Amino acid sequence: MKWLRRLLLLMLVSAVLLLGWLLVWLFFGTDSQQPTTPAMSKVAAATLRDPALIASGEYLVKVGDCAGCHAAQGGAAFAGGRLLATPFGNIPVPNITPDRESGLGNWSFEDFWQALHSGKGRHGELLYPAFSYTSYTKVTHDDALAMFAYLQSLPPVHQPTAAPALDFPYSLRNSLTAWRALYFKEGVFESDPGQSAQWNRGAYLVQGLGHCNECHAARDTLGGTPQDEHLTGGQIPQQNWYAPDLSTQGNGGLQGWSEQDIVDLLKTGQSAKSVAFGPMADVVVQSTQHMTDADLLAVATYLHSLPARAQPLQEKPPFNATALVQHGEQIYTQRCADCHGKNGNGVTGVYPPLNGNSSVTEPTGINATRSVLLGGFAPLTVAHPRPYSMPPFAQQLSDSDVSAVVSYIRQAWTNKAPVVQERDVSKYRQTPID
Amino acid sequence: MLLVAVTLFGAAGHASDAPTIPDTLQQRIVACTSCHGVHGEGKPGSEFFPRLAGKPAAYLVRQMQHFQNGLRKYAPMEYTVRQLSPAYMQEIAEYFAEQQVPYSRSPLPPVTAETLQRGEQLVSNGDPTRKIPACASCHGTQLTGVEPSTPGLVGLPYDYISSQLGSWRTHTRATVAPDCMAEVASRLNASDITAVAAWLASRQLPADTHAQAAGSVKPPLSCGVLGATGDGA
């Protein structure tokens, strides 16, 4: 029996050693990769100064809406400083101007590519996926080079980036190894030869730089998007808006949208079907309105090919909602019908329809609830420099009134979405706006 | 002919469903007027929504910019104005600046005669021992403001004035450096604020409520908002 005891002891020692090594690696393991300095880079400095390359990069950086995250409220463009709230803690967005100390001034294209394509910092450290490399990995080498050339052409802004303030164990970068195994597939977009060039361009933009799926798909408890969930809609963590499903086919969030409707919304901020608001309004203003018509049409072509969705489960309301909805109809008649129409069809180019509007009928009711509370202007774009607006009703309607009117518009006309309860409204009344 | 008739009928049929929306600025900015009043007269009963009518346009533009860049903190305003262009903000500001509507009086909290007297003293003369300048030294002899960037203080509700002075102290309201108003507010204590707000809110309005001409005051502090020449020009 001596040998058995020895074997057990050996196994125990091995297990302890393995665990110890794992812990040491988790806490202290650093990737000691040497950055590639600009002098060591295979890309000549002259290449990065090519005005044509810089111009093309400027367009791509707009398509990617890099400025949307890489600037603080009222701060210099691309100088970072915004705190990105995640369920795991706050992540300060870095400065990507070419400042040598606090920005990308000492970065080579190789470093930039490693970040964008592989989600690793210039020392090989794993980057937090608040930086959406899960999408950017699909960006081609040439496009990445143009973007880098543009970013390096910006005036440097000195603004150091704070360290991430994440909760344990997410504060350990090496914990991302497991996350990446689950959610990250490195690789440039591969064209589908069975599809048109336009479709492929659209797929490349939507899946890659546009990083649409980062919001328009549900995130699970680890903050990842399961690989088979593609543009099926989801609640944006912390921001608490619902990014709708993007299929135009049966039961899709954009069911019945023509390609032109999609182009219109992205170009002008509104279409015959809806108006962009919340975070999507920012995306339209800063990014998509600047895209070429050809690229917008490509995006629309691709979205049109998304498959039909399963019919949502018809949940029975947890109580008899007839009185609630009737009360909502009264409020609608008094407060909403003058603009959105008794039939909920809105006024084209002025006020959006509510009938058949996916933002009204999305699964959670958050969008309609918060739109009623916040009101606000339609996106301010080249096409609509003086947009119409909606009053914020937060100061005028109680939680119970908001739940009534939202429940009404979710069930009126052709809409058939679940009612919203008073407690849901109170939850979103105090939601931060950023 | 038939086609024309059908088209006309179709258009008329649709139009009868859809509300008729006037193409006016007033209609476009219901997000503003639902709280501040159609003519920017404020909202009686909701004293935290200030009157905008007749305030200098440059002052109003600056406030919207401050909500955009985070110098002023109030989520509903930040959300409403976050995307507005300089041109649209200018147009909106001019609309409110041009409005001439009567002031409404709002209720005062119960304050003693001493408090009101203390308020008058601070507004008119300041408190030199604590380096508090008189309100009138910047906001005009009649406290109706000074073009282009200094707002009037008369006709504002007690709740609004006291909450704004509190905001200056807690830095949820600020302006460009050097931020003289933040400096002044930091020298006021809670009872000063009550006194100043109560006296201002109790004051009868002068016959002419327009802001004084630009350059007609000499501010005792250096103010970024007034520019290098001190008059905001």
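**Close-up views of a predicted two-chain model**

**View 1. B:Phe96 and its surroundings.** With 22 C-beta neighbours inside 10 Å, B:Phe96 counts as buried. Here a residue is called buried if 20 or more other C-beta atoms lie within 10 Å of its own, exposed if 12 or fewer, and partly exposed in between, with C-beta atoms placed from the backbone. A word on the model before we go on: it is predicted, local features need pLDDT of at least 70, side-chain atom pairs count only at pLDDT 80 or more, and totals for chains, interfaces and linings use all residues. Residues are numbered from 1 along each chain as its sequence is written, while chains are lettered from A and ligands numbered from 1 in the order in which they are written. B:Phe96 belongs to helix α6 of chain B; helices (H or I, at least four residues) and strands (E, at least two) are DSSP runs, numbered from the N terminus. Setting aside neighbours within four places in sequence, B:Phe96 is in contact with B:Gly40, B:Leu52, B:Ala53, B:Lys55 and B:Leu60. Being in contact requires that the C-beta atoms of two residues, placed from the backbone, lie within 7 Å. As for B:Ala136, 40 residues apart from B:Phe96 along the chain, the two C-alpha atoms are separated by 23 Å.

**View 2. Where chain B touches chain A.** This contact takes 25 residues from chain B and 29 residues from chain A. On the chain B side, α2 (25-28), α3 (30-36), α4 (57-69), α5 (75-81) and α6 (86-98) each supply at least two residues. The largest share of that side, 5 residues, comes from α5(B). Sorted by class, the chain B side has 13 nonpolar, 9 polar and 3 charged residues. In this sorting, Ala, Val, Leu, Ile, Met, Phe, Trp, Tyr, Cys and Pro count as nonpolar, Asp, Glu, Lys and Arg as charged, and the others, Gly among them, as polar.

**View 3. The two domains of chain B.** The assignment gives domain 1 (25-104) and domain 2 (106-228); such bounds come from an automatic or database domain assignment. The C-alpha centres of domain 1 and domain 2 of chain B lie 20 Å apart. Their contact takes 17 residues from domain 1 of chain B and 22 residues from domain 2 of chain B. On the domain 1 side there are 8 nonpolar, 3 polar and 6 charged residues.

**View 4. Domains 1 and 2 of chain A.** Chain A is assigned domain 1 (38-183), domain 2 (197-304) and domain 3 (322-429). The centres of domain 1 and domain 2 of chain A, taken over C-alpha atoms, are separated by 23 Å. In the contact, 19 residues of domain 1 of chain A meet 21 residues of domain 2 of chain A. Elements of chain A that each supply at least two residues to the domain 1 side include α3 (51-63), β1 (83-86) and α8 (176-183). That side has 11 nonpolar, 5 polar and 3 charged residues.

**View 5. Helix α10 of chain A.** How many of the 10 residues of α10(A) are buried? For this helix (residues 259-268), the count is 7, so the helix is mostly covered. The buried residues include A:Ile262, A:Val263 and A:Leu266. Their packing partners are α11 (278-286) and α12 (293-304) of chain A. Just after the helix, A:Gly269 takes a positive phi of about 90°.

**View 6. The largest nonpolar core.** A nonpolar core is a set of buried Ala, Val, Leu, Ile, Met, Phe, Trp, Tyr and Cys residues joined through C-beta atoms within 7 Å. Among the 114 residues of the largest one, A:Leu151, A:Val299, A:Val405 and B:Leu60 touch the most other members. Helix α7 (residues 141-153) of chain A gives the most to this core, with 8 residues. Beyond its neighbours within four places in sequence, A:Leu151 is in contact with A:Val61, A:Phe78, A:Ile96, A:Pro98 and A:Leu104. Another core, of 22 residues, lies apart and includes B:Leu156 and B:Ile193.

**View 7. A sheet in chain A.** Three strands of chain A form an open, antiparallel sheet in the order β1-β2-β3. The edge strands, β1 and β3 (165-166), each pair on one side only. Strand β2 (residues 89-92) and β3(A) pair over 2 bridges, and two strands count as paired if DSSP finds at least two bridges between them. A:Gly89 has A:Leu166 in β3(A) as its bridge partner.
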